[in-house]
Structure formats: structure tokens, C-alpha cells
Amino acid sequence: MVKIFTDEFKYFLVIILAVLIGSSEANGCDLFEGNWIIDNSYPLYDSKACPFIRREFDCIKFGRTNLDYLKYRWQPSNGCVLPRFDGKGFLEKFRGKKIMYIGDSLSLNIYESLLCLLHAAVPEAKYNQVILRENVTVTFLDYGVEIVLFHSNLLVDIEVEKIGRVLKLDSMRDGQIWKNFDLLIFNTWLWYTRRPPGQQWDFVEYNGKILKDMDRVEAFRVGLKTWAKWVETDVDTAKTKVFFQGTSPAHYHGSKWGEPAVNSCLNETTPVNGSTYPSGLPIPVNIVKEELKNMSKPIVNLLDITKLSQLRKDGHPSIYNGNHGLDCTHWCIGGVPDTWNQILYASLL
């Protein structure tokens, strides 16, 4: 009798949640506006049980003892409902399909988060993992779901020629691979700003001309235009769902969140209070929105995670990572990227 009541109660809750979600969407619910609240039912999984986390993001393994950062849940504003991530539901939805994250190490961050969320939902499920240089493919064999990380720092091409490495802002040859997937999540920006020795190119080719360098923000804009044109002309968006992952913020300057005496994320244990970030949004955010708006059709979904992530100065590995440096750019897993995937999942419902 108790079991029957419990099952019926669970079913009732699912129906109510579905109604609320539908109502939120109908009222133009914005899942990207809100604030972080403590939720003792979090985290969504035990990171120590996840076999996919690289040393860069494995904060608990590398000594982080203050775990309050795991207890925060994103609460959208205006009564919007963000459903809890349903790993089994996700795998069933994509049964027999292929998912690809394309971008830099921040794509790796969200990619490994998704793998942990799914593994926690079906811990006994068989999977296969193949690592080829910087690309990773994990297949959940019981569901036939293939999830790929395709490493591409700039999305557009870099080719080695006689003069050196040439960044070709008008070319994106890897798109021939990407377009065959059912769900694509793109990300880029970080490497456009790099200077030597980290810079990945020696020259830039733009409009048929070879340049030694150009304004990096403009280079990003041009590269994004090339990507947007490719989506419009080469991707069958009736079959393939396309997302662009918004800019992920770093936290090296406390003045940006109202603490000018602080010069890194080290020792940060709580989010920024409230729902606004004092320094405003970084430069690429508006560029991405402009380029998506300029597309002929609204066929790309923006995973607009910048502001909600700006509030999480406490979510980075800092010194608690396997590379033994100070990292206020990437994110601990579990942690903030789980919310990125939670919103991605909600956007697919």
C-alpha cells in the first residue's frame, strides 16, 4: 500500500513539474537569470565515483576540503523551474544517436560533466572510451549513445605552410565531420586572446590576405561569421540540434566582483551574492548574440551561461588540480558545469 502511494505521488510530482515547465516556457521563461541557493540534496553525483574526470578538474582528489561549492543549485528568476537532470531520460532521448562537444578545454569541462551525470544515473551501464590525441569518444553501449569531444580551440582552421602556422578565418574543414551528428555544442573565444608563446598561429589569412596579426576581437567575430555561415549552409538543422556555449568567465581579479584586494579565486568559498555581477559581461558575449541574431534563421540555441557562471567565483579548481598551478579559468567537476548541462537538458525537453 505504501509503495503504491509513493509511486502515485512520484507520478503526480512529475506531472506537476511538466506543467510548470511548460507554463514557464509559454511565459518566456529565462533559465539564465536567477541566483544560487543552498540545496542539501546536491551535488547531483559523487565525483569520486566518476571514471571520466581528468586531473585538471578533479578538485576533491587533489585536496579541496571545503565542499560547500557542491551544495549550490541554480534557481531561475520569476518562478521558472529548472528540472533536475534526468540521466536515464537523456540517454533514452538520444538512444542510437550521436552528440558532439566542439571547442577548447572549457568544452572538455562541460563534456566530462555530462559523462559524470550520465554515469551516475546508470552506474552499471556498459560503456566504451576511445581517446585519439585530444579527441575523446565515449559510447554508452546499452543505449547506443555516442558522445564525442572534438578539440578545436578556434573552430576555424590552422594550417602549416612554408611561412609557418596560418590561421584561416574563412575556412572550417572539420565541419565535414561535425555535421553528421545529432546534437552539436560549440564553444570558442579563449584562444583568440592568447599571445606568444601560447598563441597557436604565426600569421592570419583574412579576405585573401596574409597578415602578421589583427585585432583579436575582430578575428573572433570573423571566425564566428564563418562558423555561422557553415551552420546555415551545411547543417541539416531539421536533423541536427545546434547550441553555442556562451563565454565562460575567469576569476583572477577581485575588483570585478567587488573585492579589489583579492587577486584570484583561491580561498573563495561562496558565490557572489545576488543575481548581478558588478563588472558586467565580457566582450565576446554581445558579439556572439549579434552574430546569432544576424543568421538568416534562428537555428542556433545559445547556452547563455556567462552571467550565472560569473557569480561562481568559488567554483574553480584554484590550486586543487593535478597540474599544480593556480586555475581560476576552468571549473571543478562536479560543480558549475553540471548546471550548464542541466540547462542544456531542459532546453531539449
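Tutor: The lining of the second largest pocket divides into nine nonpolar, nine polar and one charged residue (Ala, Val, Leu, Ile, Met, Phe, Trp, Tyr, Cys and Pro count as nonpolar, Asp, Glu, Lys and Arg as charged, and the others, Gly among them, as polar). The model is predicted, so to speak of local features a pLDDT of at least 70 is needed, and side-chain atom pairs count only at 80 or more, while totals for chains, interfaces and linings use all residues. Residues are numbered from 1 along each chain as its sequence is written, and side-chain values use heavy atoms, with hydrogens and water left out.

The second largest pocket holds about 420 Å³ of space. It is lined by 19 residues, and Ser 248, Pro 249, Ala 250, Lys 256 and Pro 282 are the closest to its centre. A pocket, on a 1 Å grid over the protein atoms alone, is an open set of points with protein on both sides within 12 Å along at least five of seven lines; a cavity is a set where a 1.4 Å probe fits but cannot get out, and lining residues have an atom within 4 Å of a point. Points are joined across faces, edges and corners, and a volume is the space filled by probe spheres set on them.

The largest pocket contains about 490 Å³. Its lining has 17 residues, with Phe 150, His 151, Ser 152, Asn 153 and Asp 174 closest to the centre. Strand S6 (145-151) and strand S7 (157-161) are the elements that give two or more residues to this lining (strands are DSSP E runs of at least two residues and helices H or I runs of at least four, numbered from the N terminus). By class, the largest pocket is lined by six nonpolar, five polar and six charged residues.

The whole structure has three cavities of 30 Å³ or more. The largest cavity has a volume of about 90 Å³. Among its 14 lining residues, Tyr 42, Leu 70, Tyr 72, Gly 335 and Asp 338 come closest to the centre. Helix H8 (residues 336-348) supplies the largest share of that lining, four residues. Eight nonpolar, four polar and two charged residues make up the lining of the largest cavity.

The second largest cavity has about 50 Å³ of space, and Asp 104, Leu 106, Asn 187, Thr 188, Trp 189, Leu 190, Thr 247 and Ser 248 line it. These lining residues divide into three nonpolar, four polar and one charged.

One more residue deserves a look. Trp 74 sits in strand S2 (residues 72-76). Trp 74 counts as buried because its relative accessible area is 2% (buried means under 20%, exposed over 50%, partly exposed in between, with a 1.4 Å probe and protein chains only). Beyond its neighbours within four places in sequence, Trp 74 is in contact with residues including Leu 31, Phe 32, Trp 36, Leu 82, Leu 308, Thr 339 and Ile 343 (contact means heavy atoms within 4.5 Å). Arg 64 lies ten residues from Trp 74 along the chain, and their C-alpha atoms are separated by 22 Å.

Stepping back, the protein chain has eight helices and 13 strands, and 50% of its 349 residues count as buried.
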